[in-house]
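Open the structure in your viewer and keep the selection tool ready. We will go stop by stop.

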Amino acid sequence: MIKQFKKALVLAPHTDDGEFGCGGTINRLVESGCEVYYAAFSPCRQSVPPQFPPDILITEVKAATQVLGVKPEHLTIFDYDVRMFNYRRQDILDDMLRLKKQIQPDLVFMPSVNDVHQDHQAITNEGLRAYKGTTILCYELMWNNNNFNTACYVSLEERHVNTKIEAITRYESQGNRPYSDVDFLKGQARVRGVQSGNQYAEAFEVIRLCL
């Protein structure tokens with residue numbers, strides 16, 4: 001079924017959210033011939049550790065998405081201030097609608113409807129408005145999810161998981177995050193794999209499935 005999708009769009013509130021939430025699935029989609037587009041809405045300049053340049057996450061997201069197989073011309077980076085998305089919701093919606101017109105995706109990934117981060121909530125709320133009539137899957141960021149409805153699993157081979165991990169290691173400025181730990185990342189993929197009868201998997205909430 002995954003081969004039916006021809007154009008996928010990943011909505012990442014911040015650089016790296018897409019890699020953590022669906023990096024293995026991105027890599028599998030690219031492998032299957034799907035054109036994957038990635039939109040990051042903030043390079044989080046305000047949250048970069050002081051030993052790094054303020055724009056380091058722009059460099060890192062370019063490197064990480066290329067590891068996953070996303071073409072450089074399919075990466076869009078907006079410059080919204082972190083934790084201020086709620087004040088720019090109309091601008092964010094307008095950007096999403098422009099992406100919809102340009103790309104015409106048949107599959108959209110976004111954060112969970114139960115994600116507690118205020119920026120993630122804004123992206124999901126506006127994404128639900130922008131992409132009516134499109135298959136929408138919400139990815140898992142378990143450190144932000146009090147609840148997560150595992151209604152969909154994408155099976156992954158070990159190479160997809162390893163590629164996801166390799167992409168995440170490109171974020172040197174975020175290496176201190178506990179969820180960047182290789183054992184954690186592989187363990188999460190293994191748990192979702194066991195739950196779905198596979199070796200590895202990523203789990204998603206299903207908002208809309210258009211077949």
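This is a predicted model: local features need pLDDT of at least 70, side-chain atom pairs count only at pLDDT 80 or more; totals for chains, interfaces and linings use all residues.

Residues are numbered from 1 along each chain as its sequence is written, and side-chain values use heavy atoms, with hydrogens and water left out.

**Stop 1**

Select helix 1 (17–31) and helix 5 (158–169). Helices (H or I, at least four residues) and strands (E, at least two) are DSSP runs, numbered from the N terminus. The axes of helix 1 and helix 5 come within 8 Å and cross at roughly 125°. Axes here are lines fitted to C-alpha atoms, for helices over the stretch in contact, and angles run from 0 to 180 degrees between N-to-C directions. Helix 1 and helix 5 are therefore oblique to each other. Angles under 35 degrees count as roughly parallel, over 145 as roughly antiparallel, 65 to 115 as roughly perpendicular and the rest as oblique. The crossing of helix 1 and helix 5 is right-handed. A crossing is right-handed if the near helix is turned clockwise from the far one by less than a right angle, and left-handed if anticlockwise.

Now select helix 3 (89–103) and helix 4 (118–130). Their axes cross at roughly 45° and come within 9 Å. Helix 3 and helix 4 are oblique too. Their crossing is right-handed.

**Stop 2: the cavity**

Rolling a probe the size of a water molecule over the atoms shows where empty space is left. On a 1 Å grid over the protein atoms alone, a cavity is a set of points where a 1.4 Å probe fits but cannot get out; a pocket is an open set with protein on both sides within 12 Å along at least five of seven lines; lining residues have an atom within 4 Å of a point. Grid points are joined across faces, edges and corners, and a volume is the space filled by probe spheres set on the points.

The count is one cavity of 30 Å³ or more. The largest cavity has a volume of about 100 Å³. Select some of its lining, including F20, E140, K164 and R192. Helix 6 (182–196) gives the largest share of this lining, four residues. By class, the lining has six nonpolar, two polar and four charged residues. Ala, Val, Leu, Ile, Met, Phe, Trp, Tyr, Cys and Pro count as nonpolar, Asp, Glu, Lys and Arg as charged, and the others, Gly among them, as polar.

**Stop 3**

The largest pocket has a volume of about 280 Å³. Select H14, H117, Q174, R177 and Y179, the closest to its centre of the 16 lining residues. This lining has five nonpolar, seven polar and four charged residues.

The second largest pocket has a volume of about 200 Å³. Of its 15 lining residues, M1, I2, F5, C152 and V154 are the closest to its centre. Twelve are nonpolar, two polar and one charged.

**Stop 3: two loop residues**

Select C44, in the loop between strand 2 (35–40) and helix 2 (56–68). C44 has a positive phi of about 55° although it is not a glycine. Is C44 buried or exposed? C44 counts as buried, at 9% relative accessibility. Buried means under 20% relative accessible area, exposed over 50%, partly exposed in between (1.4 Å probe, protein chains only).

Finish at R83, in the loop between strand 3 (75–77) and helix 3. R83 is not a glycine, yet has a positive phi of about 65°. At 43% relative accessibility, R83 is partly exposed.
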